[in-house]
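Visitor: I have a new model open and would like to be walked through it slowly. Could we start with the charged side chains and go on from there?

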Amino acid sequence: SNAVVWAVASPVSAGDETVKVTVNLGNNPAFEMIGMRVMYDAALKPVIGNVENGFAFEDGSVTEGMLAVTSLNEEEHIAGYAMMNVTPLTANGSLFSFEFTLPQDAQSGDSYILQCDVADFLIGQSQIDVTSVTTSFTLN
């Protein structure tokens, strides 16, 4: 069956300033390059840090120490991520994590959608089948 990519938010409550989101990879058949985006709820704002043209992120367990770049389109609410490696990566686990600032008026029970969309998932020049999952998280 296909590889699967999905985003998960850490537990978060109304009144918290930020939420950490981790993008995960499951059922990995081995890949060398991934190019993907997370379409996020318009109420959320990615934490940019000191990154130009992208957003601050942390490597995941799968991509530790690999070359990765991010891009950001705040008008369209799209966070882009691309990573490549010269040898195949075979592990399942996290690809990367990043943070969003929550709305100041966020209430308990508010929900936010995170839609993963993998454009490129390659080994050599071959595209690998991958299922991109839409998830959501709700404030405690």
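Guide: Let us start with Asp-117, which forms a salt bridge with Arg-37, the closest N and O atoms being 2.8 Å apart; a salt bridge here is a side-chain nitrogen of Lys or Arg within 4 Å of a carboxyl oxygen of Asp or Glu. This pair links distant parts of the chain, with Asp-117 in strand 9 and Arg-37 in strand 3, 80 residues apart. Strands are DSSP runs (E, at least two residues), numbered from the N terminus.

Visitor: Before we go on, what kind of model is this?

Guide: This is a predicted model, in which local features need pLDDT of at least 70 and side-chain atom pairs count only at pLDDT 80 or more, while totals for chains, interfaces and linings use all residues. Residues are numbered from 1 along each chain as its sequence is written, and side-chain values use heavy atoms, with hydrogens and water left out.

Visitor: Okay, back to that pair: is Asp-117 buried, partly exposed or exposed?

Guide: Asp-117 is partly exposed, because its relative accessible area is 25%, and Arg-37 also counts as partly exposed, at 34%. The scale calls a residue buried under 20% relative accessible area, exposed over 50%, and partly exposed in between (1.4 Å probe, protein chains only).

Visitor: How many salt bridges are there in the whole structure?

Guide: A search of the whole structure finds 2 salt bridges. Glu-58 and Lys-20 meet through their side chains in one of them, at 3.8 Å from N to O, and this pair too links distant parts of the chain, since Glu-58 is in strand 5 and Lys-20 in strand 2, 38 residues apart. Glu-58 is partly exposed at 48% relative accessibility, and Lys-20 is partly exposed at 33%.

Visitor: Switching to the inside, which residues of the largest nonpolar core touch the most other members?

Guide: They are Val-5, Val-23, Phe-31, Ile-34, Met-36, Leu-95 and Phe-137, out of 37 residues in that core. The elements giving two or more residues to this core are strand 1 (3-9), strand 2 (18-26), strand 3 (31-40), strand 7 (78-89), strand 8 (93-101) and strand 9 (111-123). A nonpolar core is a set of buried Ala, Val, Leu, Ile, Met, Phe, Trp, Tyr and Cys residues joined through side-chain atoms within 4.5 Å.

Visitor: Take Met-36, then. What is Met-36 in contact with?

Guide: Leaving aside neighbours within four places in sequence, Met-36 is in contact (heavy atoms within 4.5 Å) with several residues, among them Val-5, Val-23, Tyr-81, Leu-95, Phe-96 and Asp-117. Tyr-81 in strand 7 is also the bridge partner of Met-36, and strand 3 and strand 7 run antiparallel, joined by 8 bridges. Two strands pair if DSSP finds at least two bridges between them.

Visitor: What else does strand 7 pair with?

Guide: Strand 6 (residues 67-73) is joined to strand 7 by 7 bridges, and these two run antiparallel. Ser-71 has Gly-80 in strand 7 as a bridge partner, and in the hairpin of strand 6 and strand 7, with 4 residues between the strands, His-77 takes a positive phi near 60°.

Visitor: Which other residues have a positive phi?

Guide: Ala-30 has one of about 100° although it is not a glycine, and Asn-53, also not a glycine, has one of about 70°. Ala-30 is found in the loop between strand 2 and strand 3 and counts as buried because its relative accessibility is 12%. Asn-53 lies in the loop between strand 4 (45-46) and strand 5 (58-59), and counts as exposed at 66%.

Visitor: And what about Asn-28?

Guide: Asn-28 is found in the loop between strand 2 and strand 3, and counts as buried at 11% relative accessibility. A polar atom of the Asn-28 side chain lies 2.8 Å from the backbone nitrogen of Ala-30. Not counting residues up to four places away in sequence, Asn-28 touches Leu-89, Thr-90, Ala-91, Asn-92 and Phe-121.

Conventions
Polar contact = N/O pair within 3.5 Å; in protein donor to acceptor, adjacent residues only side chain to side chain.
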